[in-house]
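Hello,

Here is the structure I promised to pass on. Please open it first, then read the notes below.

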Amino acid sequence: MALNTSPVRSDVGFLRRRVKPAPTPEPATPAVTEDEPSATRPPTAGLSLAPARTAPRPATPTPPSASGLSLSPGPATPAATAAVRPESRPFPAPTIDDVRELGETDPVLRLNARESAVGSLIVSGAATAVWEDADRVTGSITAGGETAGTPVLTRGNRPLLGFDEADAIVTLRHVRELGRALLIPRGAHPLGVQIFDGSTVTTAPGDDSRMFVLYILRIDNLLELRAEPVDRTASDATILAQFGFTLTPYVSTRETRSR
């Protein structure tokens, strides 16, 4: 048997077993870790089970209230206090415990709120008492019982200022009904003042040409006591005019007639 010794022809490929071409390698995809941002992950179809990262929600402005005020909390500030002007405050004055005699050296004292509203203010040695209430109703009474002007009664049906035997009594329970008062002495004896707790003060005795009257003025809820020098020979009408008191003409009303 003769052997085939012809050379192998390389130009005829289909006569040999066809060799499959090697597959083209695909580019490598980097591995995605959980720490990397989601922007580096390739998009995938379907729903993702990973928690979605939401952008912060913009702040919604607080609507104004009906009064026009904003309801949003403002910066913490200390509580505002009403400013009191210095000129509206009463000037410092001594108390009844600091003064023993009202006169040229110590012409004025001021009672505190408790002393001005508790009990009665008793003035001894007065011959005439004059009052003016908060409505500027003015009247007077003497130690002998003679009256002029218009009487003023408090809600307790007591006179705002009157005499109990020889003592003039200022009712302090309704102190806000009192505007001011004037106590006029006659003779050589000074005026004496006593309040509910027993504290006392007197006016200076004066001399042959002058005497000291007691002028009581209400400032808000405080009573201020002043000793004012006047001519000893001056009449009551002259002294009242000096302090600006004008007696209110008395008119009998249904209310006063029913008492």
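Predicted model: local features only at pLDDT ≥ 70, side-chain atom pairs only at ≥ 80, totals over all residues.

**What I found**

Start in the sheet: Ser-124 stands opposite Gly-192 in β10. Ser-124 belongs to a strand pair. Strand β3 (residues 120-124) and strand β10 (residues 192-194) run antiparallel to each other and are joined over three bridges.

**Two loop residues with positive phi**

Arg-136 is not a glycine, yet its phi is positive, about 65 degrees. You will find Arg-136 in the loop between β4 (126-133) and β5 (138-142). Is Arg-136 buried or exposed? Its relative accessibility is 64%, and exposed means over 50%, so Arg-136 counts as exposed.

Glu-165 is also a non-glycine with a positive phi, here about 60 degrees. Glu-165 lies in the loop between β7 and β8 (167-171). Glu-165 is exposed too, with a relative accessible area of 73%.

Now to the empty space. Rolling a probe the size of a water molecule over the atoms shows where such space is left. How many cavities of 30 Å³ or more are there? The count comes to one. The largest cavity holds about 40 Å³ of space.

Its lining includes Pro-185, Gly-187, His-189, Thr-203, Met-211, Phe-212 and Arg-232. By type, the lining residues of the largest cavity divide into seven nonpolar, three polar and one charged.

Met-211 deserves a separate look. Met-211 is in strand β12 (residues 210-219). Its relative accessibility is 2%, and buried means under 20%, so Met-211 counts as buried.

What does Met-211 touch, leaving aside its neighbours within four places in sequence? Its contacts are Ile-184, Pro-185, Arg-186, Glu-228, Pro-229, Val-230, Asp-231, Arg-232 and Ile-239. Take Glu-228 from that list. Met-211 and Glu-228 are 17 residues apart in sequence, and their C-alpha atoms are 8.2 Å apart in space.

Best wishes

Terms used: Residues numbered from 1 in each chain as written. Heavy atoms only, no water. Pairing = 2+ DSSP bridges. Helix = DSSP H or I, 4+ residues; strand = E, 2+ residues; numbered from the N terminus. 1 Å grid on protein atoms, 1.4 Å probe; cavity = no way out; pocket = protein on both sides within 12 Å on 5 of 7 lines; lining within 4 Å. Points joined across faces, edges and corners; volume = space filled by probe spheres on them. Nonpolar A, V, L, I, M, F, W, Y, C, P; charged D, E, K, R; others polar. Buried < 20%, exposed > 50% of the residue type's maximum accessible area, 1.4 Å probe, protein only. Contact = heavy atoms within 4.5 Å.
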